[in-house]
Amino acid sequence: MSLSVTNLLSIKDLTNDDINLVLDTAKYFEEISKRAIKKVPTLRGKTIVNLFLEPSTRTRISFELAAKRLSADVVNISSDSSAIKKGESLKDTAKTLTAMGIDIIVMRHSFAGSSELLAKWTDARIINAGDGAHEHPTQALLDLYTVREKLKKIENLHIGIVGDVAHSRVARSNIFAFKKMGAKISVIAPPTLVPPEFESLGVNIRYNFDEVIPEIDVIYLLRLQLERQTESFFPSIGEYARLFCLNKERLKMAKENVVIMHPGPINRDIEISGDITEMPESIITQQVASGIAVRMAVLYLLAGGGLVSGAVD
Ligand code: NCD
């Protein structure tokens with residue numbers, strides 16, 4: 001079995017079989033990160049470029065560790081240190097990397113649709129690591145994986161995605177991913193942060209967090225994307241926090257077995273109060289850990305890997 005796609009640009013392109021293949025493969029790879037020597041030779045001889053043209057800590061490091069644990073050669077490029085700073089176009093960067101025989105390019109870019117363009121200009125496999133407010137498919141895959149590990153299912157769960165839905169690529173990818181896998185989704189935000197068009201994606205829009213909290217199985221908090229907000233979407237940060245910050249008082253209204261997620265980076269006491277991140281309901285650190293296994297799976301499968309037997313010895 002192998003993936004039906006050659007690039008990972010959008011969750012929309014994946015079939016349910018593709019998603020299950022990634023999650024099942026990740027399960028094999030997860031064990032490698034627990035070994036004393038966290039490395040297998042699976043991608044030896046492959047070259048992977050991390051082209052990160054927007055700030056990132058966890059996603060870039062996660063991809064780098066995933067590639068290194070599979071023994072690939074990894075090159076990191078950022079906008080500060082590349083010819084892009086000298087005005088080179090993305091197309092010319094793509095041509096240069098193609099001429100160097102790169103196998104996989106992992107790209108983060110502020111322009112929605114950039115990874116799709118890049119895929120047209122190179123033979124290398126492309127992984128979208130976040131393109132503007134469009135999509136962030138590996139984040140959604142690692143979120144599916146983390147929920148499946150914790151709650152042993154995805155189907156019929158009620159996922160509440162809370163906060164800055166309008167500017168969030170994580171929200172969009174997660175909506176597509178969790179819906180495909182049979183979950184029910186509510187997006188919960190002030191009206192200015194969730195355009196009514198989201199209803200056409202098959203989600204319920206809810207404006208009152210307190211009202212919906214008792215109904216949801218997974219509280220998925222989003223970061224306020226202050227860098228993408230060009231106008232004021234609520235009276236003040238304090239007002240936002242008063243209505244949407246997950247604090248201990250609000251958590252009391254939640255289901256007993258609720259789990260709490262956040263893609264990071266967190267704005268403490270705006271989206272979630274600091275004490276809650278340490279509680280057993282929070283699976284935020286599991287998301288980070290799962291991220292490496294899921295990205296190992298994606299790199300392996302896009303590099304042409306299929307059934308995992310033999311890949312992890
Ligand atoms: C997200 C991103 O960059 O889209 N972070 C991440 O990849 N873990 C979410 C965010 O920045 O809010």
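Predicted model: local features only at pLDDT ≥ 70, side-chain atom pairs only at ≥ 80, totals over all residues.
Trainee: How is empty space in a protein found?

Mentor: Rolling a probe the size of a water molecule over the atoms shows where empty space is left. In this structure, the largest pocket holds about 420 Å³ of space. The lining of this pocket has 21 residues, and the closest to its centre are Arg108, Arg169, Arg223, Gly264 and Pro265.

Trainee: Which elements give two or more residues to the lining of the largest pocket?

Mentor: They are α2 and α6. By residue class, the lining divides into five nonpolar, nine polar and seven charged.

Trainee: Where does the ligand sit?

Mentor: The ligand sits in the largest pocket.

Trainee: Which side chain has an N or O atom 2.7 Å from an oxygen atom of the ligand?

Mentor: The side chain of Arg169 has one. Gln225 also places a polar side-chain atom 2.7 Å from an oxygen atom of the ligand. With Gly264 the backbone is involved: one of its N or O atoms lies 2.9 Å from a nitrogen atom of the ligand.

Trainee: How much of the ligand's accessible area does the protein cover?

Mentor: On its own, the ligand has 310 Å² of accessible area, and the protein covers 93% of that.

Terms used: Residues numbered from 1 in each chain as written. Heavy atoms only, no water. Polar contact = N/O pair within 3.5 Å; in protein donor to acceptor, adjacent residues only side chain to side chain. Areas by Shrake-Rupley, 256 points an atom, 1.4 Å probe, with all protein chains shown as cover. 1 Å grid on protein atoms, 1.4 Å probe; cavity = no way out; pocket = protein on both sides within 12 Å on 5 of 7 lines; lining within 4 Å. Sits in = over half its atoms within 2 Å of the grid points. Points joined across faces, edges and corners; volume = space filled by probe spheres on them. Helix = DSSP H or I, 4+ residues; strand = E, 2+ residues; numbered from the N terminus. Nonpolar A, V, L, I, M, F, W, Y, C, P; charged D, E, K, R; others polar.
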